[in-house]
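The report below concerns a predicted model. It turns to aromatic contacts and then to one helix.

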Amino acid sequence: MAPALPTQAGTNEYGYRNFSLGKFRFERDEYFAHIGWPGGAHTLPVDKFLKALVRDVAWNFFYGIVNFDEVFGTTNHYGNVDVFAGLYSSGYRAQNKEHVENFKSEQVRAAFEEMLDDWTNDGFDPFAAPEETGTAFGPKRGNNRAAVKRVRVVAKRMVGLKGDTPLRSDEAGSPVNRQFVDVDQGQPEVHAEPGFEDEVHAFNFFGYLSRSDVTWNPSITSVVKDSLLCPTTEEFVLPVIHGNDRVEWFVQLSDEIHWDIQDRDSGAPRARAVMKAGDVAAMPADIRHQGYSPKRSMLLVWENADATLPELYATKRLKPTPIDF
């Protein structure tokens, strides 16, 4: 594994620090994030970079590949992480211009967290929809640690159960989002047999989702062995292009999302899907996808957290699709 180099001392003319990770170099100015590596360089808008970066950190590098865009990203090997440029671009690979370095997960997390903290300005929330956040642009001005250190909801069994993640409420600082004011906030009545009061539970799922203050950030609301229900609210554009290492199931709960679906390794177009309320789709294990939500919508993502799945799909012992038509 490549060593993680310390961050460079001092700040640049815009007030931001420059960072290093192995042979990768990271700099930002008023508008752009600049990434360099031996023999190559890449530039992307800094708001796009920070929105992807905060999710890569919050998701602990997620399942498989988190593409910040068509060039830069990370691949999770669950304990160690590839940081790459051009690795999943057929154009880069055709010219032997791809660059990849492998690090321990905690090395990448520490570097990314430090970068995220320094580069996120006061008033900009990279987790929020555009209408709910300020601008990432301009010279250095303060920080927004409350936003970038936001803790992702991860239930042990189910939210609202005694001793588990609490339900959202006005009192807990989770108001109903501006686009979900028509969602019923009533809670179901639960009448458990004596002795089972802590075992039988129900909650208003739509009401819970209507109080989410983030977009494109699945929370784990219920767990049954390796089966995770991860609902989320979506608005504008998914800030990453997710490359699967297992099948994901999507259930569109409200409104609609438009999905661009590509080959995971080359980026070649595979399909375009428009999911409307009630639609169910399985995202195969060999694709990458990015979503566009014209209005804030609710999406249920069902994940299988079985740790053996990546190898089973990579060695083709499992088909990339759950069913053949």
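## Aromatic cluster

One aromatic cluster is formed by Phe-19, Phe-24, Phe-26, Trp-37, Phe-49, Phe-68, Phe-72, Phe-112 and Trp-119. The model is predicted, with pLDDT of at least 70 needed for local features and 80 or more for side-chain atom pairs, while totals for chains, interfaces and linings use all residues. Residues are numbered from 1 along each chain as its sequence is written, and side-chain values use heavy atoms, leaving out hydrogens and water.

## Aromatic pairs

Across the whole structure, 21 aromatic pairs are found (ring centres of Phe, Tyr or the six-membered ring of Trp within 6.5 Å; planes under 30 degrees apart are stacked, over 60 edge-to-face, the rest tilted). Phe-19 and Trp-119 are edge-to-face, because their ring centres are 6.0 Å apart and their planes stand at 70°. Since Phe-19 belongs to strand β1 (residues 19–21) and Trp-119 to helix α3 (residues 105–119), the pair ties together parts 100 residues apart in sequence (helices are DSSP runs of H or I with at least four residues, strands runs of E with at least two, numbered from the N terminus). Phe-19 counts as buried at 2% relative accessibility (buried means under 20% relative accessible area, exposed over 50%, partly exposed in between, with a 1.4 Å probe and protein chains only), and Trp-119 counts as buried at 0%.

Phe-24 and Phe-72 also pair edge-to-face, at 6.0 Å centre to centre with 75° between the planes.

## Helix α1

Ten of the 13 residues of α1 are buried, so this helix is largely enclosed by the rest of the structure; among them are Phe-49, Lys-51, Arg-55 and Asp-56.
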